[in-house]
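Open the model in your viewer and keep the selection tool at hand.

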Amino acid sequence: MLKITRLKLGVQIVFFLLIVYLGYAGVRLIEWKNISLVLPTLSCYYTNHRIAQCFIRSLQEGLSAGWKVGYSTLLVPVILLVIFGLIFGRAWCSWVCPLGFVQDLSIRIRKLLKIGYYNLSDNLKQVSVLVRWIFVIAILFIAMGIGIPHFFLKEYQYDLITPFCQICPSKQIFPFVEGRFKEMFTVDTISTLSAVMSYLAIGVFVFYLLTTSFIRRMWCRLCPMGAILGLFNRFSFLSLRKEGKRCTKCGVCQRSCPVQVTEVYEEKKKEKIASSDCTLCFRCVEMCPEKDALKVGLFKFPIARSKYKRFLQSSAVKVTKLQKENSR
Amino acid sequence: MKTNNDPKYLPTLDPAEKDELQKAFKAGVQKTVAENIEKMKQVPNRPKAMEYFDQVADFFGQREKEIREFKAQGGKVIGFACMLAPVELILAAGAIPVRIDSGFYTPSKIGDRIVPVEVCPVVRSMIGLAMANLYPYLEMCDVIISPNTCDGKTKVCEILTDAFPVWEMNVPRIKDTPQAKSYWLEQVKEIKGKIEKLTGRSITGKAMRTAIETTLKATAASRRLLDLRKGSPLISGRDAMLVDQMSYFDDLKRWTDKTNLLCDELERKAVDKSYVAAEDTPRILLTGSPMIWPDCWKIPNLIEESKPQGLIVADEFCSGDRIYYDPVGVDEGSAGDMLKAIAERYIMPCTCPCFTSEDGNQDRIDKLLTLVKDYKISGVIYHVIRGCHLYAMEYMRLKRLFEKEKIPIYYLDTEYSREDSGQMKTRIEAFLEMLATKTQTDDLY
């Protein structure tokens, strides 16, 4: 049986190579009649040759160009976001996003060293949700503000152009991945504000580095892209489904969830588990020891189910030489 | 083996009386065991692999010798009074875990000298065993781990402190709050420290990993047997219950191998269609107070021997299918994570009625309903041994729910003694008759 985690790793590697390195093979921004491909995932501007746009980048660019010129350019990105979001929900975060992959790598390294992790307390979890929405609101406010003529933010349009991208940790990570180490901690000294933004970016990056291994998927909990995609989790075609009656409430799903979703453990009545935190990585499905209790659903059809055999395969304690393969 | 000079509960018995009691006990137990096995052998097409479990079922056999030798070489034996004790940690420290729940009738009469007869017979029997030093597996224990679950278990281990060192574990009665989880984890950590001190071996991550692997394999084998009981009658319920219960004191690896062998044989039997009962035999689910080998075999014997016959296909006993059902789910391999996984495995999926919450013991109800569906149960027998208040008190809720779902459920309250056998027989027969007619009429329409 194919392990979900292994499949996911494969998908992540493929997308990482596509998004980061396809540019080196000569592919440029994928466009059709001046409409470029916009993905609801990091496809960072700071890579050398990006093949697609990050939705957050498009949003900022569109809004700050003002309603006359810019807002019409947002139509395609928003339509693409709705389509992608409706199909896959936040699965983009755990299966495609290159930054998510980089985070998974650091978690894997920690696992190999057999070091434990920390969980956020319930309060801090709420704070993280708040932070990601503050990011969204700040992006909207600054970018729209720049777009309004005679508004005070207009003055700072060159210092605050695409404000989130200026502080996003991928600004340092992708130059690193591509070997351009000199470009990593550049400080913009054109004005005080842009210098402040540069130092803020370094601060965010240091925070990222400190937390990446020890709090699982910390950046995903703060990412504004995740906040927006999370809205689609409720409606997405790909979903996490649960048969509450079969759940023994053993709590394994809750413990193995990298973003500490509690609904998957608590919910006993609703069939669809739609938490805006859930990145649909389906670690819970493979770790669930109860047959058919958790399912990966496409619409209402289950495409993968939890079973004891899958559990044994995915558990960190490997069971070698099980006398005869168990049918569960 | 006394821990203090001034016993709180247990009186010192006259050595001559003790000797007499021991002899009588051994003879009595061997007689009951032989009788029960003889009855189980009457089942047509009984799997040959059961022979091994028949041997283990005799308490004074090979396994006792093995443990004695192990002890002579300086090994430690750790007894535990309830299935909430973390077996993995005992295994990881290289000690032998032995579950000391008692299913003996005669010692319960000795226990009557200290506690009133209203107290549950498991408790009275355990007291009797300790008082007269009857049961080899209890006698060999270096220490007893006692999770304070039900009222009986909570107090019996206080009484046992007169004879053994006892490590108590405080079980949170409301289990799924974060506080309860961290509290229980602290208890498990403490027990881990104590085990390390007793055995002189530190429980490393590697040792824990191996121990978890052992129990995961046991769980896989146990679940395999359960799966085989979902279909046509391949094994009698008593045999399956015996297999489950022999994990109380058998070597877990060997138990796993033998259970797998049994499953292999059952798979072959499924192909040959050699069944232990007619295919339309009413399928019974047992739930409630544990039925412990050998003296509590009265009810299962009656069910499977009565006319019309019933077939026990599943149970929800802490002495049965639940022992190795829930696995330790380790997400990451660090020592802390493994310990957390071990701790959570013991309380979180546990359906013991000693747990409570706002929505009641909903987990147990869901589990029972799932069992009824998966095992195509015709009727549920709710077994309560007198004095088991927690199970008795949960009955009414279950009865209402099951009646709403149109699942026949029948309450049986009994004792370890055989005095009520006749009455039990009549009651069980009446229930099974009802089920049998129901299946027949269901077939008609």
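Two residues are in contact when heavy atoms lie within 4.5 Å. This is a predicted model, in which local features need pLDDT of at least 70 and side-chain atom pairs count only at pLDDT 80 or more, while totals for chains, interfaces and linings use all residues. Residues are numbered from 1 along each chain as its sequence is written, chains are lettered from A and ligands numbered from 1 in the order in which they are written, and side-chain values use heavy atoms, with hydrogens and water left out.

**Stop 1: the interface**

Select chain A and chain B together. The contact involves 43 residues of chain A and 41 residues of chain B. Buried area is the accessible area (1.4 Å probe) that two parts lose on being put together, summed over both. Here it is about 3,500 Å², with 46% coming from carbon and sulfur atoms. Now pick B:Arg223, B:Asp331 and B:Glu332, which supply 18% of the area that chain B buries against chain A, more than any other three residues.

Next, show A:Arg110 with B:Glu332. A salt bridge needs a side-chain nitrogen of Lys or Arg within 4 Å of a carboxyl oxygen of Asp or Glu. In this pair the closest N and O atoms are 2.8 Å apart. Across the whole interface of chain B and chain A, the rule finds ten salt bridges.

**Stop 2: a strand in chain A**

Select residues 238-242 of chain A, which form strand S5. Strands (E, at least two residues) are DSSP runs, numbered from the N terminus. Is this strand buried or exposed? Five of its five residues are buried, that is, under 20% relative accessible area (1.4 Å probe, protein chains only). In a regular strand the side chains alternate between the two faces of the sheet. On one side of S5(A) are A:Leu238, A:Leu240 and A:Lys242, and on the other A:Ser239 and A:Arg241.

Two strands pair if DSSP finds at least two bridges between them. A:Leu238 stands opposite A:Leu298.

**Stop 3: one residue**

Finish on A:Ser239, in strand S5 of chain A. Its relative accessible area is 2%, so A:Ser239 is buried. Among the residues that A:Ser239 touches are A:Phe282, A:Val296 and A:Phe299.

Technical notes. Buried means under 20% relative accessible area, exposed over 50%, partly exposed in between (1.4 Å probe, protein chains only). Helices (H or I, at least four residues) and strands (E, at least two) are DSSP runs, numbered from the N terminus. Lists of a residue's contacts leave out its neighbours within four places in sequence.
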